[in-house]
Amino acid sequence: MPMILSTPRLSEPSFLSYARVGIVSTQRKKTAIFCSSHRLKDNGLQSGCVLHRKENLSRRFLLFVLVSSGLSPTLPSSGKTKSKNPYDEKRLLEQNKRRQKENNAPEDFPNFIREGFEVKVVTSEDYRKSDSGLIYRDYEVGKGDCPKAGQQVTFHYIGYNESGRRIDSTYLQGAPARIRMGTNAVVPGFEEGIRAMRPGGKRRIIIPPELGPPVGPSTFFSSKQFEVFDIELLSIQNCQRRTIAFYSDVVCN
């Protein structure tokens, strides 16, 4: 969002104050030289000239310090500085909704009000937030036990960005995904979201940047953004390690 900066309007340009101070300094210099060139016999008048010259030298030194340091005397400003534009939350919200509509985002999709690095997530009351910052909503709870570390989970998912654009889908790939829990196979936010699901459950999770993928030139992601996933947990399998001669692998039933 562009930011317009307004400079206070001066009643007179500041360089005029430099010129006037310089003229006054020149006049005082001439007066001091004229006074010192005449050797007056009157002690009182001579001492007055000496004091006037010292005062003139002090003022010239002060003027030199002010000009060299940029602390020049300026005239009072008569203009008013425009205040910064307020945070237009409503406009940004409507803009995000319009983009999500163009991208055919699903129903009850969360909205993101982004201005720079500040992001506000707007959801319905059906969403919950965990202590880690993960936001989720259960559409179907499912039955059975939740997956544990070392077990394999089979699931479908659809990934979206903040604009509601679909970035990945196992439904379109024609095959579900499989991962072993506790092996850092997915980003922390995704594993946390699926860890509390039961087979047959359907959940939507909103992963904040701190629980998402790393960002950098060596990764696919170039900026820190929220990610939204619709997950359907199909099944949970137990796994055990199998060793045959010099070959070893993990088999999941």
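Predicted model: local features only at pLDDT ≥ 70, side-chain atom pairs only at ≥ 80, totals over all residues.
Started with serine 130: leaving out residues up to four places away in sequence, it touches Tyr136 and Glu192 (contact means heavy atoms within 4.5 Å). Residues are numbered from 1 along each chain as its sequence is written, and side-chain values use heavy atoms, with hydrogens and water left out.

I placed serine 130 in the loop between strand 3 (128-129) and strand 4 (135-140). Strands here are DSSP runs of E, at least two residues, numbered from the N terminus. What does the side chain of serine 130 make a polar contact with? I found the side chain of serine 132 at 3.0 Å, and the side chain of glutamate 192 at 3.1 Å. A polar contact is a pair of N or O atoms within 3.5 Å; within protein, one must be able to donate a hydrogen and the other to accept it, and residues adjacent in sequence count only if both atoms are side-chain atoms.

Next, salt bridges (a side-chain nitrogen of Lys or Arg within 4 Å of a carboxyl oxygen of Asp or Glu). I searched the whole structure and got eight.

I looked up glutamate 162 with arginine 114, whose closest N and O atoms are 2.8 Å apart. This pair links distant parts of the chain, 48 residues apart: glutamate 162 is in the loop between strand 5 (152-160) and strand 6, arginine 114 in strand 1 (residues 111-115). Glutamate 162 counts as buried because its relative accessibility is 6%, whereas arginine 114 is partly exposed at 28%. Cut-offs: buried is under 20% relative accessible area, exposed over 50%, partly exposed in between (1.4 Å probe, protein chains only).

Then I checked arginine 203 and aspartate 138, which meet at 2.6 Å, N to O. Arginine 203 lies in strand 8 (residues 202-207) and aspartate 138 in strand 4, so the pair ties together parts 65 residues apart in sequence. Arginine 203 is buried at 6%; aspartate 138 is partly exposed at 35%.

Aspartate 249 and arginine 242 also pair up, 2.8 Å from N to O.

Last entry: isoleucine 167, in strand 6 (residues 166-169). Not counting residues up to four places away in sequence, isoleucine 167 touches Gly159, Tyr160 and Asn161.

Notes:
Helix = DSSP H or I, 4+ residues; strand = E, 2+ residues; numbered from the N terminus.
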